[in-house]
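Have the coordinates at hand as you read.

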Amino acid sequence: MKNGLTSLEAWKALDKHYQDVKRITIKELFRQDTIRGNSLNLSAEGIYFDYSKHRITGKTLGLLFKLARERGLETKRNAMFSGEKINITEHRSVLHIALRAPKGSTIMVDGVNVVDQVHEVLEKMTDFAGKIRSGEWSGFTGKPIRNIVNIGIGGSDLGPVMAYEALKHYSKRELTFRFVSNIDGSDFAEAVHDLNPEETLFIVASKTFTTLETMTNAHTARSWTLNKLSDEAAIGRHFVALSTNEKEVAKFGIDTKNMFGFWDWVGGRYSMTSAIGLSTMIAIGPEHYYEMLAGFHKMDEHFRTAPLEKNIPVIMALLNVWYNNFFNAQTQAVLPYENYLKRFPAYLQQMTMESTGKYITLDGQKVDYQTGPVYWGEPGTNGQHSFYQLIHQGTKLIPCDFIGFKESLHNLPPHQDYLMANMIAQGEALAFGKTAEDVRNEGVDEKLIPHKVFEGNRPSSTFFLDKLSPVNLGKLVAMYEHSVFVQGVIWNVNPFDQMGVELGKVLAQNIISEIQQEPKPARHDSSTNALIHFYLK
C-alpha cells in the first residue's frame, strides 16, 4: 500500500481478526468471562481505567500492541521526550512535557537546557500573579485590579477557559475572569459590559502579536481603556503580553518587562502550561498551579515509562484506532460527570482534531485509511436528556469516554451519589442493552416493544479519580495529549502542525481588503463574488 500502514503484518492480522469478532457482542464476552470487569482495567497515578466494556478480546489487544510496536511507538515516544525534532514539517522539537518538568531536570534542545528557561518564565509568572492577587499591582488611577480579561484564540483561549472553569472551586472569588476569542464584536462587548477600565487587566496572548482575531480584540480593548483613562501611559498598567515579538509588544504600549515568552517547540493546543496559563495562575494561585503541573508530570512519566500493556494513554489510543479504522466509527464522545469540566470536551476538540485531522502522512503520501475522528461531548447528566438517545438507539457507533470522581467538591448529599449512579448506569445500558423479552416481561404493549428495545453492544471506557483537583486536571489533560500522540504514530501523520487552518486565513485577508478598499475586483468564483456583493449592497 501507499504508505505502509495497511501492509503491516499486524494490520492485516487485525483486519482478519475483525472479521472473526465483529459480530461478537459485549454481552457475550462477559458471559464467556464472568470476571472480565475485574481484569480489563488499569489503575495508575490515581486513575482507575475500566476498558472491559469494549468489543475486544485478549487477542485484539495483543494485535493492537503488536501494531504499535511495528509502528515504532516506543522509539518515537523516546524521541519526543529527548527533544528530537519530531515535528518534521516545521523542523521543531515537541516539548510540552518540558513545561511541567521539575526544576533541575535536563531536556536539551540545540545545546540549551530548556527546563531552565521554563522555570525562569514560571518564576516571573509567579511574581506577577502574586502582585495581582495581593493587590500590590494597581491600575493607572491607583485602584487594585479586580478584573482579568484574557484575549487569545485557539490554544491561547481554549486552555485558559477550560482550566478556569475546571478549577473555579479553587479560584480567588474576589477576582472576575473573562475570556475573549471571537473576532465577532459581540464577544468583546459582552466580556467588558459590566467592568470598570480602572480595575481591569488585559492579558493579550499571541506568540507573534499579529494574529488577526487576537490583535483586533486587543486594539478594541486598548480603545475601550483609553476612552476612560485618556492617557497612553495607562496601557502599561492595564495590559500584559504573552508573546515573543518584543517590537510589536512595545509598539502596542506594553512594557516588555511585562511580556511573558514561550518557545516554538510549544504548539498552541499543547500550551496551557506555558505562559498561556498566566490567567490560570492568577485565578487559582501559584501553589495550586504548581500542583497542576505536578499532575501533568505524573502522567508524562507514566506514559514515558509504563509498558504498553499497562499504559493508559496507549490503550486509549489503540482502542480509538480499533473503532476508527475497523468499525468505521466517525466520532468519539467525551462525557465528564462533573459540571466543572463543561469546557473539557471543547478543549479536546482542538487538541484531537487539529492534531490528527490530516490526510497526508509524514512522508508526504495521501493516506488510504481513515484518520482522526470527531471529538465532542457535554457534561452528564445534561447530555442524557439531550443526545444520549442517538448513542443508545441510533444507527451510528459512538465509543464513549465517561469521566467521574468519587468525591464532590461540595457537600450536597445526595447529589454525588445520584450523579455517579447515572454515569455507571449509562455504561451498563450501552454495553448490555435491553431485549424484547425484557420489555415484554414488563407488560409493555406488543406494538411498543420494538421502540423500547436497546440493542446494546455500544462500547465505552470509564475513568474514575478521587476528586477534581489541580493535580488530577493535569493528569487528565496529559492523558489525552499522549493518546493523541500515539494515534499520530499509528496513522503516520504529524500531530503537531496545523497547516489546514492557513488557507481560510489567507483568503479572508484578501476579502477584507476587497470589502474595505476601492476598487473591489471580482476575482473569485461566482458564489464568493455574489456573497461579497450581497454584504456590501
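This is a predicted model: local features need pLDDT of at least 70, side-chain atom pairs count only at pLDDT 80 or more; totals for chains, interfaces and linings use all residues.

Residues are numbered from 1 along each chain as its sequence is written, and side-chain values use heavy atoms, with hydrogens and water left out.

**The chain as a whole**

The protein chain has 22 helices and 13 strands; helices (H or I, at least four residues) and strands (E, at least two) are DSSP runs, numbered from the N terminus. Its radius of gyration is 25 Å, close to the 24 Å from the globule rule for 537 residues, so the chain is as compact as a globular protein of that length. That radius is taken over C-alpha atoms, and the rule is 2.2 Å times the number of residues to the power 0.38. Along the principal axes, the C-alpha atoms fill a box of roughly 75 × 60 × 55 Å.

Of the 537 residues, 53% count as buried, where buried means under 20% relative accessible area, exposed over 50% and partly exposed in between (1.4 Å probe, protein chains only). Among contacts with a separation of 6 or more, 74% join residues 24 or more positions apart; a contact means heavy atoms within 4.5 Å.

**Pocket and cavities**

Both kinds of space are found on a 1 Å grid over the protein atoms alone: a cavity is a set of points where a 1.4 Å probe fits but cannot get out, a pocket is an open set with protein on both sides within 12 Å along at least five of seven lines, and lining residues have an atom within 4 Å of a point. Grid points are joined across faces, edges and corners, and a volume is the space filled by probe spheres set on the points. There are three cavities of 30 Å³ or more.

| Space | Volume | Lining by class |
|---|---|---|
| Largest pocket | about 990 Å³ | 13 nonpolar, 17 polar, nine charged residues |
| Largest cavity | about 110 Å³ | eight nonpolar, five polar, one charged residues |

In these classes, Ala, Val, Leu, Ile, Met, Phe, Trp, Tyr, Cys and Pro are nonpolar, Asp, Glu, Lys and Arg are charged, and the others, Gly among them, are polar.

The largest pocket is lined by 39 residues, with T211, G268, Q498, V501 and K505 nearest its centre. Helix α21 gives the largest share of this lining, five residues. The largest cavity has 14 lining residues, and M316, L319, N320, Q332 and D401 are the closest to its centre. Here α14 gives the most, four residues, while α14 (312-325), β12 (400-405) and β13 (460-465) each supply at least two.

**Two residues to look at**

A429 lies in helix α17 (residues 415-432) and is partly exposed, with a relative accessible area of 29%. Beyond its neighbours within four places in sequence, A429 is in contact with H392 and G456. Its C-alpha atom is 8.0 Å from that of F454, 25 residues apart along the chain.

Y290, in helix α13 (residues 286-305), is partly exposed at 31% relative accessible area. Leaving aside neighbours within four places in sequence, Y290 is in contact with L122, E123, T126 and M281. Y290 and T331 are 41 residues apart in sequence and 34 Å apart in space, C-alpha to C-alpha.
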